[in-house]
Amino acid sequence: MALSTSAIARQAAYKWGAASLFASLGTILLALGFEHIGGHEPCQLCLQQRYAYYLAIPALFLALVFIGMEKYNTAITLFSITALAFLANAGLGTYHAGIEWEFWDGPATCAAGTLQPLSTNGMGVLQSLGTPDGASCGLATWRFLGLSFAGWNVVISIALTMGSLKAAFASAGLRPIQSRP
């Protein structure tokens, strides 16, 4: 039996999935806004922490579509993959925040450098290709309530992990009970 749009929207799985989708979309748009409008230059680890969002946004959208199609096993799989991506992202954000707090050293690819046009930096094109570009991973350029971008990414990623898991478990409750012969 096909469900109406309003019946689908009232389901807990759909609500948790939609909340996770919109929170993911809002977070990545905020990060891009800080970069392109606010002028905060992301480091290599900052850019890597965006991958989970780039994976999750279409996956969450598809999971919601599959809930509407009553393909709950596929939706559960997509919600679970999203939860794992955000859990891994929380780990990467924790690693990044630890570098900022000088708990451990960061990778060599996160050395500080400045982005300059090739024609004005006084070096030839081939020489400038070997210099690191981007912000330093160990330098927090912004903090709010004591947390940097990486720290807030940990908090948001944990919340999105929980939201995706709630959607997965709620989807599991929607599957029809199959009788055994």
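This is a stop-by-stop tour of a predicted model, from the whole chain down to single side chains.

**Before you start**

Residues are numbered from 1 along each chain as its sequence is written. Because the model is predicted, local features need pLDDT of at least 70 and side-chain atom pairs count only at pLDDT 80 or more, while totals for chains, interfaces and linings use all residues; side-chain values use heavy atoms, leaving out hydrogens and water.

**Stop 1: the whole chain**

Show the chain as a cartoon. Its secondary structure comes to seven helices and two strands. Helices (H or I, at least four residues) and strands (E, at least two) are DSSP runs, numbered from the N terminus. Follow the chain from the N terminus: the order is α-α-α-α-α-α-β-β-α.

Of the 181 residues, 34% count as buried. Buried means under 20% relative accessible area, exposed means over 50%, and partly exposed lies in between (1.4 Å probe, protein chains only).

Contact means heavy atoms within 4.5 Å. Among contacts between residues at least 6 apart in sequence, 71% join residues at least 24 apart.

**Stop 2: the largest nonpolar core**

Select L64, I67, F79 and F86. These have the most contacts inside the largest nonpolar core, which has 22 residues. Such a core is a set of buried Ala, Val, Leu, Ile, Met, Phe, Trp, Tyr and Cys residues joined through side-chain atoms within 4.5 Å. Next, colour α2 (12–36), α4, α5 (72–100) and α7 (149–174): each supplies at least two residues of this core. The largest share, nine residues, comes from α4.

**Stop 3: L64**

Centre on L64, in helix α4. L64 is buried, at a relative accessible area of 8%. Leaving aside neighbours within four places in sequence, L64 is in contact with Y14, G17, A18, L21 and F79. Draw a C-alpha to C-alpha line from L64 to Y14: they are 6.2 Å apart in space and 50 residues apart in sequence.

**Stop 4: S24**

Move to S24, in helix α2. S24 is buried, with a relative accessible area of 0%. Where does the side chain of S24 reach? It reaches the backbone oxygen of S20, at 2.8 Å. A polar contact is a pair of N or O atoms within 3.5 Å; within protein, one must be able to donate a hydrogen and the other to accept it, and residues adjacent in sequence count only if both atoms are side-chain atoms. Not counting residues up to four places away in sequence, S24 touches Y53, I57, L60, F86 and L160.

**Stop 5: T161**

Select T161, in helix α7. T161 counts as buried, at 9% relative accessibility. A polar atom of the T161 side chain lies 2.8 Å from the backbone oxygen of S157. With residues up to four places away in sequence set aside, T161 touches A83, F86 and L87.

**Stop 6**

Finish on F61, found in helix α4 (residues 51–68). Is F61 buried or partly exposed? F61 is partly exposed, with a relative accessible area of 48%.
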